[in-house]
Amino acid sequence: VQLQASGGGLVQPGGSLRLSCAASGRTFFNYALGWFRQAPGKEREFVAAIGWSGNTVYTDAVKGRFTFSRDNAKNMVYLQMNSLKPEDTAVYYCAASSRGAVTTSRQYEYWGQGTLVTVSS
């Protein structure tokens, strides 16, 4: 599975962005997808995951603000990010796992390149 993330950019606090991740491969629907982020000087952290059937898991810091969805027909996943805060600033990575909607990075076999999200006034 090859992954291509996009949609990052500069947004003011309180604003919104939608990240997209395009996946190649005919077995896309067999994988759970996850988003991770890494802020400058910090370790990569889990953000959200979505399973084969659309079940979702979110880290507490983004619950109620971020929504993760997938379109298996288009091999796409989307992370809608609302009410963005400066602490959401990071490089965001999408990843694919055959182990379900897991939350640890070592359980993801495939990774895309990152897309930078900057929340600043």
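This report looks at the fold, the overall dimensions and the nonpolar cores of the chain shown above.

The model is predicted, with local features needing pLDDT of at least 70 and side-chain atom pairs pLDDT 80 or more, while totals for chains, interfaces and linings use all residues. Residues are numbered from 1 along each chain as its sequence is written, and side-chain values use heavy atoms, leaving out hydrogens and water.

Let's start with the fold. The protein chain has eleven strands and zero helices (DSSP runs, E of at least two residues for strands, H or I of at least four for helices, numbered from the N terminus). Its radius of gyration, taken over C-alpha atoms, is 13 Å, close to the 14 Å that the globule rule (2.2 Å times the number of residues to the power 0.38) gives for 121 residues, so the chain is as compact as a globular protein of that length.

| Property of the protein chain | Value |
|---|---|
| Buried residues (under 20% relative accessible area, 1.4 Å probe, protein chains only) | 44% of 121 residues |

Now to the interior. A nonpolar core is a set of buried Ala, Val, Leu, Ile, Met, Phe, Trp, Tyr and Cys residues joined through side-chain atoms within 4.5 Å. The largest one has 29 residues, and Leu33, Trp35, Phe68, Leu79, Met81 and Tyr92 have the most contacts inside it. Strands giving two or more residues to this core include β1 (2-6), β4 (32-38) and β9 (90-97). Another core, of seven residues, lies apart from it, with Phe36, Ala95, Ala101 and Tyr108 among them.

Definitions and conventions: Buried means under 20% relative accessible area, exposed over 50%, partly exposed in between (1.4 Å probe, protein chains only).
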